[in-house]
Amino acid sequence: MKKLGVALCAAVLMTSVSTLALAAPYGTAGCGLGSVLFKDEPGGVQIFAATTNATFGNQTFGITTGTLNCGDPIWVTGSAETKQFVAHNMDALAADIAAGQGETLDAFAELMEVPIDQRAAFAETLQENFDQVFTSDQVVMAEVIDNTALLTR
């Protein structure tokens, strides 16, 4: 009887929390395969969506890749050329971003596929947010690319 009470409380909690959900393409169970199958239908169906997500363990994949109703990916891998360029030009890129201009920054903008008419704004955004691009002395190439992508979406 005690287990039934706990299960009932959990079900009530799940359905009451669903009314607080934001306008997202998924319900309270979050993104993942469950959100694709059960959509954002409110109520107890979200228990099935959450169970599906947990059973298949796909939310991490969806969040990382930007699939399964999880929105944009949380990281950008960049092309092999972009990775190699940033890895070999970190100091020059940092100097150009700090200055807001330069050949290395121009090449980086091209590799990041920034349209020509938006490159000045790109450079200005990176300059104004230098500490968010180069977060420490130990920052690595992938972080620079990811941080840039997050700032300039």
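The crossing of H5 and H10 is right-handed, and in this predicted model the two helices pack with their axes 9 Å apart at an angle of about 115°. An angle from 65 to 115 degrees counts as roughly perpendicular, and H5 and H10 are therefore described as roughly perpendicular to each other.

**Packing of H5 with H10**

- On the H5 side the contact is made by Thr82, Lys83, Val86 and Ala87, and on the H10 side by Met141, Val144 and Ile145.
- By class, the residues of the contact of H5 with H10 divide into five nonpolar, one polar and one charged.

**The chain as a whole**

- Of the 153 residues of the protein chain, 29% count as buried.
- When contacts between residues at least 6 apart in sequence are considered, 45% of them join residues that are at least 24 apart.

**The largest nonpolar core**

- The largest nonpolar core has 20 residues, and those with the most contacts inside it are Val86, Leu93, Leu105, Phe108, Phe122, Phe134 and Val144.
- Phe108, one of the residues with the most contacts inside the core, touches Thr82, Phe85, Val86, Leu93, Phe122, Leu126 and Thr148 when residues up to four places away in sequence are not counted.

**Packing of H7 with H8**

- H7 and H8 pack with their axes 11 Å apart and at an angle of about 110°, and they are therefore roughly perpendicular to each other.
- H7 passes H8 in a right-handed crossing, and the contact is made by Leu105, Asp106, Phe108, Ala109 and Glu110 of H7 together with Arg119, Phe122, Ala123 and Leu126 of H8.
- The residues of this contact of H7 with H8 comprise six nonpolar, no polar and three charged.

**Packing of H6 with H7**

- The axes of H6 and H7 come within 7 Å and cross at roughly 100°, so that these two helices are likewise roughly perpendicular to each other.
- Ala92, Leu93, Asp96 and Ile97 of H6 make the contact with Glu103, Thr104, Leu105 and Phe108 of H7.
- The contact of H6 with H7 has five nonpolar, one polar and two charged residues.
- Leu105 and Phe108 of H7 take part in the contact with H6 and also in the contact with H8.

**Met112 in the loop between H7 and H8**

- Met112 lies in the loop between H7 and H8, and, leaving aside its neighbours within four places in sequence, Met112 is in contact with Thr82, Phe122, Ile145, Thr148 and Ala149.
- Thr82 and Ile145, which are among these partners of Met112, also belong to the contact of H5 with H10, while Phe122 belongs to the contact of H7 with H8.
- Thr82, Phe122 and Thr148 are also among the residues touched by Phe108.
- Met112 and Ser79 are 33 residues apart in sequence, and their C-alpha atoms are 8.7 Å apart in space.

Note on methods:
Residues are numbered from 1 along each chain as its sequence is written. This is a predicted model: local features need pLDDT of at least 70, side-chain atom pairs count only at pLDDT 80 or more; totals for chains, interfaces and linings use all residues. Side-chain values use heavy atoms; hydrogens and water are left out. A nonpolar core is a set of buried Ala, Val, Leu, Ile, Met, Phe, Trp, Tyr and Cys residues joined through side-chain atoms within 4.5 Å. Buried means under 20% relative accessible area, exposed over 50%, partly exposed in between (1.4 Å probe, protein chains only). Contact means heavy atoms within 4.5 Å. Axes are lines fitted to C-alpha atoms, for helices over the stretch in contact, and angles run from 0 to 180 degrees between N-to-C directions. Helices (H or I, at least four residues) and strands (E, at least two) are DSSP runs, numbered from the N terminus. Angles under 35 degrees count as roughly parallel, over 145 as roughly antiparallel, 65 to 115 as roughly perpendicular and the rest as oblique. A crossing is left-handed if the near helix is turned anticlockwise from the far one by less than a right angle, and right-handed if clockwise. Ala, Val, Leu, Ile, Met, Phe, Trp, Tyr, Cys and Pro count as nonpolar, Asp, Glu, Lys and Arg as charged, and the others, Gly among them, as polar.
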